[in-house]
Amino acid sequence: MKRTTLSLFAVTASLAVVTGVAALNPPSDDDRSGAKTTAARMPVQRSTLLCPAPTSSEVGDTAYTAFTPPGKAAAARASAADLLPAAGPARAAARKDEPKKDGGKDGKKAEAADAKKDDPDKPVLSLKEPGKPVTASTSRSDAPALIGTADGPLAPGWTAQQTTTVAAGSGRGLHGVVCAAPDTSFWFPGASTAKGRQDYVHLTNPDGAAAVVDLELYGKDGRIKSPTGDGVNIPPRSTVPVLLSTLTDVADENLTLHVAARSGRVGAAVQASDEKLGGDWLPASADVSPNVVLPGIPADATSVRLVAFAPGTDDADVKLRLAGPGGSITPAGHESLHIRSGTTAAVDLGDITKGEAGSLLLTAERGSAPVVAALRVTRGKDDKQETAFIPATAPVLERGTVADNRAKGSTLSLVAPGKDAQVKVVASAGSEGGTAVSRTYTVKAGTTLAVEPPQPGGGKGSYALTVEKISGGPVHASRMLALPKDGVPMFTIQPVPDDRSTVAVPETEQDLSMLND
């Protein structure tokens with residue numbers, strides 16, 4: 001009896017090109033053809049990233065960094081990873097307010113320069129090879145949102161970071177955000193329409209057809225009526241910023257925003273600016289879950305606020321634990337939190353870390369509904385305060401990457417909520433040279449390990465960190481970048497979830513012995 005193996009890789013790999021992150025469901029084992037199917041992991045062939053417009057401040061400086069981890073095999077074909085300008089009303093309005101150019105030769109040259117400034121076919125950032133980050137910068141207050149794709153060997157794990165320093169004014173501080181993949185649903189617990197706070201949700205459409213989204217706000221009493229939030233149109237390959245306080249007359253400090261696409265797909269990110277507490281980007285929460293991990297609360301946090309939302313039809317009751325360097329404890333006076341269905345609940349945890357870095361773990365009681373959640377973290381005192389946000393973060397299943405790390409100011413936090421885990425952390429070559437360096441860490445169950453990550457050997461410039469799961473239980477990670485300025489502890493925190501650099505591709509082994517009988 002002879003057995004022949006038929007590979008379906010050639011058929012299914014083309015499907016991975018479409019989205020870059022889709023998982024394919026293999027046929028059942030009892031297929032009538034007699035085929036037995038197993039799933040193999042294959043690198044994605046195409047990735048899409050969207051970066052919001054960085055700032056409207058005249059005193060803002062933005063650094064862009066893009067990176068793809070090196071693959072296990074040599075590149076089989078040419079590839080590209082480019083971030084291009086998106087169209088958007090912010091840039092059009094800024095140009096409209098500029099002084100009119102005269103009709104002379106100099107005026108025409110200036111107009112031509114403006115026209116080329118955001119050439120939709122000219123990349124703002126272009127990555128040519130894996131393993132070494134590339135950077136770009138701008139001081140423009142009308143810098144565009146970016147839309148990008150990577151294909152071939154540059155697609156698996158492609159990541160881009162946008163870091164903006166705002167020197168003064170509302171939202172003064174360090175605004176960092178990881179450029180995200182488009183999707184159809186995003187949850188933002190921690191949004192606000194309070195006086196003194198300006199929260200903009202930036203919606204970016206990467207595709208050639210218009211997208212339509214609904215913006216839903218939820219407070220402590222449930223959904224807030226907002227007719228202007230329904231059916232927001234996002235033109236093709238464009239970005240639209242929406243000020244949340246224009247959606248309602250209700251001034252609420254603790255809200256949850258849900259971005260839901262009726263048609264198409266978008267990228268979404270919320271930029272929060274506070275008159276007294278600085279500002280940062282609020283990343284979307286991980287998917288709704290009964291068990292939530294919020295990694296990387298700084299040791300010197302002076303105030304921490306938890307904001308959670310129960311999107312289902314049932315109430316949620318969650319237990320709170322703080323995972324520190326020596327184990328997990330229940331915060332005194334904050335043992336649990338009840339969240340009514342369809343409402344947002346918030347609780348001030350004060351200086352919960354008490355000088356030791358930690359992570360907050362939320363565990364739903366038996367039969368309780370799942371939740372989404374985020375933390376607002378404050379550092380500093382008096383008029384030298386600064387805030388950042390930590391969303392619920394998915395675990396690193398295989399590998400996660402964060403770009404734009406500096407020689408000073410980077411802290412990597414790793415938390416193992418269940419079992420001991422071992423990870424390898426790789427510091428890439430620097431954007432101006434150097435060699436990669438790796439280090440292995442063991443994270444004890446129920447603890448947070450906050451470390452100054454390895455740095456590239458002999459390298460200069462910014463670099464990327466890659467967290468690779470080796471063994472053990474789930475690991476959740478975040479990176480804090482701290483760049484103090486004029487006595488203000490400016491900082492930003494980015495979640496480091498799995499980079500979804502592979503897709504499940506079914507491989508079928510079929511019994512063809514009947515053909516030989």
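A salt bridge is a side-chain nitrogen of Lys or Arg within 4 Å of a carboxyl oxygen of Asp or Glu. The legends below describe a predicted model, in which local features need pLDDT of at least 70 and side-chain atom pairs count only at pLDDT 80 or more, while totals for chains, interfaces and linings use all residues. Residues are numbered from 1 along each chain as its sequence is written, and side-chain values use heavy atoms, with hydrogens and water left out.

**View 1. Salt bridge of Arg-376 and Glu-253.** The closest N and O atoms of Arg-376 and Glu-253 are 3.7 Å apart. This pair links distant parts of the chain, with Arg-376 in strand β27 (residues 372–379) and Glu-253 in the loop between β16 and β17, 123 residues apart. Strands (E, at least two residues) and helices (H or I, at least four) are DSSP runs, numbered from the N terminus. Arg-376 has 12% relative accessibility and counts as buried, whereas Glu-253, at 37%, is partly exposed. Here buried means under 20% relative accessible area, exposed over 50%, and partly exposed in between (1.4 Å probe, protein chains only). Arg-376 and Glu-253 also belong to a network of salt bridges that includes Arg-305 and Asp-348.

**View 2. Salt bridge of Asp-207 and Arg-265.** The structure has 16 salt bridges by the rule above. In the one formed by Asp-207 and Arg-265, the closest N and O atoms are 2.9 Å apart. Asp-207 lies in the loop between β12 and β13 (211–219) and Arg-265 in the loop between β17 (255–263) and β18, so the pair ties together parts that are 58 residues apart in sequence. Asp-207 is partly exposed at 24% relative accessibility, and Arg-265 is partly exposed at 27%.

**View 3. Salt bridge of Arg-399 and Asp-499.** The side chains of Arg-399 and Asp-499 meet at 2.8 Å, N to O. Arg-399 is in strand β29 (residues 399–405) and Asp-499 in the loop between β36 (491–495) and β37 (502–510), so that distant parts of the chain, 100 residues apart, are linked. Both Arg-399 and Asp-499 are buried.

**View 4. The disulfide between Cys-51 and Cys-179.** The structure holds 1 disulfide, a term for a pair of cysteine sulfur atoms within 2.5 Å. The S to S distance between Cys-51 and Cys-179 is 2.0 Å, and the link is right-handed, with 110° about the S-S bond. Cys-51 and Cys-179 are buried. In β3, 5 of the 6 residues are buried, so the strand is largely enclosed by the rest of the structure. Strands β3 and β8 run antiparallel and are joined by 6 bridges; two strands pair if DSSP finds at least two bridges between them. The bridge partner of Cys-51 in β8 is Leu-146.

**View 5. His-202 in strand β12.** Strand β12 spans residues 197–205. His-202 is buried, with a relative accessible area of 8%. Leaving aside neighbours within four places in sequence, the residues in contact with His-202 (heavy atoms within 4.5 Å) include Pro-52, Val-240, Gly-267 and Trp-281. His-202 and Val-270 are 68 residues apart in sequence, and their C-alpha atoms are 6.2 Å apart.

**View 6. The open sheet β16-β12-β18-β19.** This sheet has 4 strands with antiparallel pairing. Strands β16 (238–243) and β19 (278–282) stand at the edges with a single partner strand each, so one side of each is left without a neighbour in the sheet. Strand β18 (residues 267–274) is joined to β19 by 5 bridges, and Ala-272 stands opposite Asp-280 in β19.

**View 7. Gly-296 in strand β20.** Strand β20 covers residues 291–297. Gly-296 counts as buried, at 5% relative accessibility. Apart from neighbours within four places in sequence, Gly-296 is in contact with residues including Gly-358, Ile-390, Ser-413 and Ile-493. The C-alpha atoms of Gly-296 and His-476 are separated by 9.3 Å, although these residues are 180 apart along the chain.
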